[in-house]
Amino acid sequence: MSVTLSPRALMSLLVNGPKAVDVLETALALGLLDALEPGPVRLDALADRFGVRPLRLYKFLDCLESLGCVTRHEPGDDIAAASYRAVPGLRDAVLAVVGPDAIERDRDRYPWRLLHGRLAESLRGEVGMTDDDFAWPPKTDAQTADFERSMAAGLGPVIETLRRHADRLWSDRRRLLDVGGGDGTLAAHVLDTAPALRVDVFNLPAVAPLVAATRADRGHPDRLGFVGGDFLAGPLPTGYDAMAFVRVLHDWPNDVARRLVEQAYAALEPGGLLLIAEEFRTPDRLAVQFFWSYFLIGVDSCVSRLREVEFYTGLLAEVGFTRVAVLPGGWELVTAYKPG
């Protein structure tokens with residue numbers, strides 16, 4: 001949905017954001033996106049198919065076109081002959097954003113409204129989130145469970161990329177430590193594609209029941225384990241030939257991120273694999289991250305720092321890892337190996 005707009009035009013779309021979402025939700029619910037994506041399809045055919053008035057549909061499609069969602073070919077004065085095609089992947093993108101399992105719906109339950117209209121006060125430190133609103137790191141079992149559930153909701157792009165590269169990543173690995181691995185959702189997906197692998201989640205002890213529930217639900221009773229600990233308080237466990245930091249390092253300042261990578265290097269077996277998956281700083285990722293950038297204006301304890309991929313590739317080389325590579329996917333993966 002790439003479109004080049006003047007600043008003034010972009011501001012107009014932004015201020016009409018709720019109306020734009022209404023258009024997208026309606027197009028999805030009607031099934032219009034299913035008809036438009038394979039296109040081109042004429043307006044009169046669309047109107048007949050969906051039982052709507054052609055002139056009103058023409059204006060509705062103008063809304064989609066203004067968002068960069070469809071292209072239009074109008075050969076003459078007869079609007080019925082105008083033909084439309086959706087940009088590739090539009091339906092899946094709209095479903096991901098406004099569908100019943102949308103990450104955005106999950107994020108919206110956070111108390112961002114405490115900041116709305118008060119951002120200037122928040123920037124001055126006069127308004128912010130309390131531990132009752134959002135504690136980082138989580139301080140109670142309930143906060144921990146809620147946070148890990150929310151993080152699991154956003155794992156789709158990582159899971160897709162890990163599946164894509166499963167043979168390359170796990171074919172010669174025996175034991176993976178998923179550092180800060182949440183409730184074990186990601187680990188369970190890895191195990192689905194790596195029958196010879198065992199995965200242990202390393203996380204705060206309060207997370208153990210969540211991993212136990214995932215283990216029971218996903219059917220990996222003997223291969224999904226848990227190791228309790230705090231990676232800020234001591235070294236990482238040893239005995240693993242693979243480790244992963246997935247959506248972990250961005251939450252911490254540079255010196256902490258470096259220390260964690262150094263700890264991984266020290267703990268890994270010779271020849272061990274380290275995998276890093278983050279939302280690297282690109283225009284697309286900044287846009288998808290907008291909610292957290294907004295919400296965390298009111299939180300001083302969480303860095304949430306999107307970094308360029310070069311930060312991680314450079315850091316890995318500095319620490320001593322070799323064969324540093326960036327694997328493509330929904331989220332890129334950075335891989336590196338401890339010399340054998």
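**Strands, rings and cysteines in a predicted model**

Strands β1 and β3 (residues 83-86) run antiparallel and are joined by 2 bridges; helices (H or I, at least four residues) and strands (E, at least two) are DSSP runs, numbered from the N terminus. Two strands are taken to pair if DSSP finds at least two bridges between them.

A word on the ground rules. The model is predicted, so local features need pLDDT of at least 70 and side-chain atom pairs count only at pLDDT 80 or more, whereas totals for chains, interfaces and linings use all residues. Residues are numbered from 1 along each chain as its sequence is written, and side-chain values use heavy atoms, with hydrogens and water left out.

Zooming out, the protein chain comes to 17 helices and 10 strands. Its C-alpha atoms fill a box of roughly 70 × 50 × 40 Å along the principal axes. Of the 340 residues in the protein chain, 45% are buried (buried means under 20% relative accessible area, exposed over 50%, partly exposed in between, with a 1.4 Å probe and protein chains only). As for contacts (heavy atoms within 4.5 Å), 69% of those in the protein chain with a separation of 6 or more are between residues 24 or more positions apart. An unreviewed UniProt entry carries the annotation "domain: O-methyltransferase C-terminal" for residues 142-287; UniProt positions are given in the numbering used here, feature names are shortened, and annotations may be inferred rather than shown by experiment. Over residues 142-287 the chain is 45% helix and 18% strand, with the end C-alpha atoms 30 Å apart.

Within helix α14 (residues 254-267) sits Q263. This glutamine, Q263, is buried, at a relative accessible area of 16%. Leaving aside residues up to four places away in sequence, Q263 touches F231, G234 and L236.

Now for the rings. Rings of Phe, Tyr and Trp (its six-membered ring) pair if their centres lie within 6.5 Å; planes under 30 degrees apart count as stacked, over 60 as edge-to-face and the rest as tilted. By this rule there are 17 aromatic pairs. One of them is W112 with Y294, edge-to-face because the planes stand at 75°, with the ring centres 6.4 Å apart. W112 belongs to the loop between α7 (103-107) and α8 (119-123), while Y294 belongs to helix α16 (residues 290-295), so the pair ties together parts that are 182 residues apart in sequence. Both W112 and Y294 are buried. Another pair, F134 and W292, is tilted, at 6.2 Å centre to centre and 50° between the planes. Helix α16 comes up again here: it holds W292, whereas F134 lies in the loop between α8 and α9 (141-153), so this pair bridges parts 158 residues apart in sequence. F134 is buried at 9% relative accessibility, and W292 is buried at 11%. Ring pairs also link F134 and W292 into a cluster with Y110, F291 and F295.

Some rings have a charge over them (NZ of Lys or CZ of Arg within 6 Å of the ring centre and within 35 degrees of the ring normal). R175 lies over the face of Y240, 4.3 Å from the ring centre. The charged end of R307 likewise sits over the ring of F311, at 4.7 Å from its centre.

Last, the cysteines. The structure holds 0 disulfides, a disulfide being a pair of cysteine sulfur atoms within 2.5 Å. C63 is in no disulfide, and the nearest cysteine sulfur, that of C69, is 10 Å away. Seen from C69, the closest cysteine sulfur is that of C63, and 10 Å is too far for a bond. As to burial, C69 is buried, with a relative accessible area of 2%, whereas C63 is partly exposed at 34% relative accessibility.
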